[in-house]
Amino acid sequence: MPDNITEELVVVLSTKASFEFKPLFDIILLNLRERNAASGGEEMLRLRAYEKLQGLVSQGAVRREVTGVTKKYKIGR
């Protein structure tokens, strides 16, 4: 069963746009706060979101594109 963070990651990335982590996290945090689903401090949420994102990357659900030092994420395949 997906948790709130994974749900928001999938919703935002489903727009077919690619995102760097910072703007992606900002959108997810805003969405979670609107749903009153943001628990814990912002740094803890950032760590959990990054961990969930990396899990989706390792499963192949999300693709990471690296250009120089810039990493962008989008729905995979």
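User: Is Leu53 buried or exposed?
Analyst: In this predicted model, Leu53 is buried, its relative accessible area being 0%. The residue is found in helix α3.

User: What does Leu53 touch, leaving aside residues up to four places away in sequence?
Analyst: Leu53 touches Leu9, Leu13, Phe21, Leu24, Val62 and Tyr73.

User: And what about Tyr73, with the same exclusion?
Analyst: Tyr73 touches Leu13, Ala17, Ser18, Phe19, Phe21, Tyr50, Leu53, Gln54, Val57, Val62, Arg63 and Arg64.

User: Which residues of the largest nonpolar core touch the most other members?
Analyst: That core has 19 residues, and those with the most contacts to other members are Leu9, Leu13, Leu24, Leu53, Val62 and Tyr73. Two or more residues come from each of α1, α2 and α3. Helix α2 gives the most, with six residues.

User: Turning to α2, which of its residues are buried?
Analyst: They are Phe21, Leu24, Phe25, Ile28, Leu29, Asn31 and Leu32. These lie on the same side of α2, because they cover an arc of only 165° around the axis.

User: What do they pack against?
Analyst: The buried residues of α2 pack against α1 (4-13), α3 (42-59) and β2 (70-75).

User: How many residues does α2 have, and what is its reach?
Analyst: Helix α2 covers residues 21-34, 14 residues in total. From first C-alpha to last it reaches 20 Å, close to the 20 Å expected at 1.5 Å a residue.

Notes: Residues are numbered from 1 along each chain as its sequence is written. This is a predicted model: local features need pLDDT of at least 70, side-chain atom pairs count only at pLDDT 80 or more; totals for chains, interfaces and linings use all residues. Side-chain values use heavy atoms; hydrogens and water are left out. Helices (H or I, at least four residues) and strands (E, at least two) are DSSP runs, numbered from the N terminus. The expected span of a helix is 1.5 Å times one less than its number of residues. Buried means under 20% relative accessible area, exposed over 50%, partly exposed in between (1.4 Å probe, protein chains only). The arc is that of the directions from the helix axis to the C-beta atoms. Contact means heavy atoms within 4.5 Å. A nonpolar core is a set of buried Ala, Val, Leu, Ile, Met, Phe, Trp, Tyr and Cys residues joined through side-chain atoms within 4.5 Å.
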